[in-house]
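This briefing covers how the chains of one model meet, and how far the model can be read. Please look at the sequence and the structure first.

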Amino acid sequence: MSSTLLTQVSHLGRRSVVRTLRQPGVMVSAILFPLMFFAITASGLDAATNLPGFPTASYLDFAFAFPLVQASLFGAITAGVDLARDIEGGFFDRLSLTPMRPVALLGGMLAGVMALGLIQGVIFLSIGLAVGVNIQSGFAGMLLLVALTILTALGFGGLGAILALRTGSGEAVESSFPLFFVAIFLSSINLPRDLIESDWFRLIATLNPVSYLVEGIRSLVITGWDPQALILGFGCAFGLIALSLAGAAASLRTRMAT
Amino acid sequence: MSAIGNLASGSTRGSFGGLFSVAGAVAWRQVYKFFTNPAFLAPALFPIFFFIAFAGGLSSVEQVPGFDFTGGYVAFQFVWSLLQAVALGGAFTGFSIAGDFESGFARRLMLAASNRRGILLGYVLASIVRTAVTGGLVTVVALIGGMRPAGGVDLFGLVGLALLVNVAATLFGAGVAMLLRTGEAGPLIRTPIFLILFIAPVFVPQNLLVGWISVASSLNPMTFILEAGRGFLSGDPTGGAFAFGVAVAAVLLLIPWALFGLRGAERAG
Amino acid sequence: MASGGAGIEVEGLVREFKKGPRAVDGISLRVEPGEIYGFLGPNGAGKSTTVLMLTTLLPPTSGTARVAGFDVAREGSKVRASIGAALQEAALDPFLTGREHLKLQAALHGLGRKERKKRGDELLERVGLVEAADRRVRGYSGGMKRRLDLALALVHRPEILFLDEPTTGLDPQSRSALWTEVSRLTRDEGVTVFLTTQYLEEADVLADRVGIIDSGRIVAEGTPEELKAEIGRPSVEATPIKVSDRDAVARVLSSFGQEIAAQPGAVSVRLDHGAGDLADVVRALDAGSLRVANLRLEEPSLDDVFLEKTGRSLEGSGDKEDNDNVEPGAKPGGDRESSRKKGARA
């Protein structure tokens, strides 16, 4: 990456983070909602650990992937909405009139998503450790866990960018939120796939890449070092990133050429 | 006759005739608005989604030792989804009231209504009509999903509880919406309703809950309504009378709250 | 950078949208370096679409345009390096401060760290935002936002400045301050300014030359004086003391020219033989024993020019065009000129 591009990306990324941190409502949603769901499912479904074959005795550990994945989703939606509002309000045009390379705009937005993913990952990890989550893979695993969270945020962020660039409407991006939510819940987020009884649900969860992102993160918490889960998790994250960024770049080209 | 025409033709301020005339006009207008806009089904979407995700994904949970609900996991989840649908029906009515204040329409209602309590009653009646449709939709999805109610006449108990929950949620939403009179009322209506729904025995019966949620849910009125509703559905009604008492108490407590909101709106002009 | 340069040359520029009429229908114009060109027209006439094409934000359907010597379709990046633009009222990030905006804009233009700060301070000073520099834009007034908008457009010392309705919705004081700054830029720094406006007064006061656009076509072009001279004849407006005399005054004045719109209670006619008729008008009124409270000789205005060229007055003529010339899906969600300009009129 050239130094000019790097400067542009870093400035736009910084702007993305600063504006998000200056919206307490957004930050509260991004931190509190995932934590609330975590607290509710971790306690509410604790009895599921009594199912024969459940992989851990602690549902708290099992559910810890949930806030991390949900936080990535929040970050992506926030960034997508921000980008769409930039388009709606003319800020995108203002930036387009500078010698900034279009890819820097995308890079800046995604750098912001990753930075927020890092902030959220560290906060959740700290809270998780404080409430008794036991990370089997140790400190190195924690680093990897945060890394996978950031990559997941980047992948979802690319999808948010596609929606923003295609629709140019903050409202449209926001209203896509339930779709992302559906993708998370129709995965192995609440139970291991082999304990899902309904065939149709198990099939959807098996086809849903979110399951592998969740299982990658979860393996670091409840198993330790599980190469297969990690390869699948990181593989899905990189696949999602590649596809969503390619889509975002194409959408950007289309918008710039309109 | 138009809604406003009905309002103006009501009898003197404060009379019962005025109350029902105004309520009828407001309810008519709201219901008309619902049925000309497919978005009125929105309160059913989240419950249906959660129903599919939980009933489909967590059905093996009923094999947990101590899971004593006999109606099957689909029915177990349906009751929670139904109560969610009716509570959200109330919340969405709150959003609609806030929207009416933002657009200025509510001010027109306040000026025209011969009995302003009728406005509140009208919104509640409309909310019940809306919820009958969205609740019905959730029920149809559950039946397609394999729910087999075993309750017989007891099912009316579930319907009665759902109705009371809807009225309580509508009164709560109306109070908040009338006090704030802007779209900012949305999160303040939605968040407590979601919290009260989730801090309940959503996934397993109350006796299987552990930790903080076991304590919190035992203090949550929704827990009693939910467990009684599940009992009515499975033909094993327990705690029904107490649950009705809780639901009626909630409605009675929220009536002054909604009237307080109405007075706030009156003071604001 | 802003010295001399090549100005703007436009030849047969057209922009069509899929489900609408031609928003811009074959316009040709030339803006000389260092000139302020006023692009005057009602809402939806095609002003902003033209600016979007000239600033490379919207590709033309056909025709050519060279800005600062570069082709807008083929040499977009060179055009962008030469121009500054203040396009839309809200094109600012409400959560950033004024200073942060300038820093970001300067960084994207490739200014070094020291230069960024220096240029930012200089521009904040020039547009009178020093005190508000570290406040978030969310709390700025409309006038402050416009001034910041202008400062942002000037960060990289552009040769040509595009201002799209820069004073719409501003109070008279803010408007006047902006006019002063635009005039200064041209006078002291030789910046070429392409300014769209729906305000007659703005075009009259500020522009060296004016192009009047209606329904996507340029219907008149020249200096304000030239355009008004085309109309040539002044008008006279008489306000009788007694309201009941209005019809009698109208009968007397009708022998001097065609009646045109006037203030309530007054009668106005375009004088057939110019200002020389004024003495005869006074004598005729006196002969009819008609006493007037006020008698005014008025030079033709740009509105008269617009009326002459389009058959309508510019005041209040935008509504029809709003409907006709909306730009369907120029960029989805990125509404252009139709929605945001239904506000104030001079």
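pLDDT is the predictor's confidence in each residue, on a scale from 0 to 100. The model is predicted, and in chain B pLDDT stays under 50 over residues 1–13. Chain A meets both chain B and chain C, and the points below take these two interfaces in turn.

**Confidence in chain B**

- The average pLDDT of chain B is 86, and 93% of its residues score at least 70.
- For residues 1–13 of chain B, where pLDDT stays under 50, the model has 29 contacts beyond four places in sequence.
- Where pLDDT is low, predicted coordinates should not be read in detail.

**Interface of chain A and chain B**

- Contact here involves 26 residues of chain A and 26 residues of chain B.
- About 2,300 Å² is buried between chain A and chain B, and carbon and sulfur atoms give 77% of that area.
- I40(A), S43(A) and E197(A) supply 23% of the area that chain A buries against chain B, more than any other three residues.
- On the side of chain A that touches chain B, the elements giving two or more residues are α2 (24–44), α9 (177–185) and α10 (199–207) of chain A.
- α2(A) gives the largest share of that side, with 8 residues.
- By residue class, the side of chain A that touches chain B divides into 18 nonpolar, 6 polar and 2 charged residues.

**Interface of chain A and chain C**

- Chain A puts 28 residues into this contact, and chain C puts in 36 residues.
- The area buried between chain A and chain C is about 2,800 Å², with 56% of it from carbon and sulfur atoms.
- Across the interface of chain A and chain C there are 4 salt bridges by the rule.
- E100(C) and R22(A) form a salt bridge through their side chains, at 2.7 Å from N to O.
- Between chain A and chain C, 10 residue pairs are in polar contact, both residues being at pLDDT 80 or more.
- Five helices are listed for the side of chain A that touches chain C, each with at least two residues: α1 (3–21), α4 (65–89), α5 (91–96), α7 (138–167) and α12 (227–257) of chain A.
- α1(A) supplies the largest share of this side, 7 residues.
- The residues on the side of chain A that touches chain C comprise 9 nonpolar, 11 polar and 8 charged.

**Salt bridges and aromatic pairs over all chains**

- Over all chains, the structure holds 37 salt bridges.
- In one salt bridge, the side chains of R15(A) and D93(C) meet at 2.7 Å from N to O.
- R15(A) is in helix α1 of chain A, while D93(C) is in the loop between β6 (83–86) and α3 (98–108) of chain C, so this pair joins two chains.
- The search of the whole structure finds 43 aromatic pairs over all chains.
- The ring centres of F185(A) and F49(B) are 5.7 Å apart and the planes stand at 80°, so the pair counts as edge-to-face, the cut-off for that class being over 60 degrees.

Technical notes:
Residues numbered from 1 in each chain as written. Chains lettered and ligands numbered in written order. Heavy atoms only, no water. Contact = heavy atoms within 4.5 Å. Buried area = accessible area lost by both parts, 1.4 Å probe. Helix = DSSP H or I, 4+ residues; strand = E, 2+ residues; numbered from the N terminus. Nonpolar A, V, L, I, M, F, W, Y, C, P; charged D, E, K, R; others polar. Polar contact = N/O pair within 3.5 Å; in protein donor to acceptor, adjacent residues only side chain to side chain. Phe/Tyr/Trp six-rings, centres within 6.5 Å; stacked < 30°, edge-to-face > 60°.
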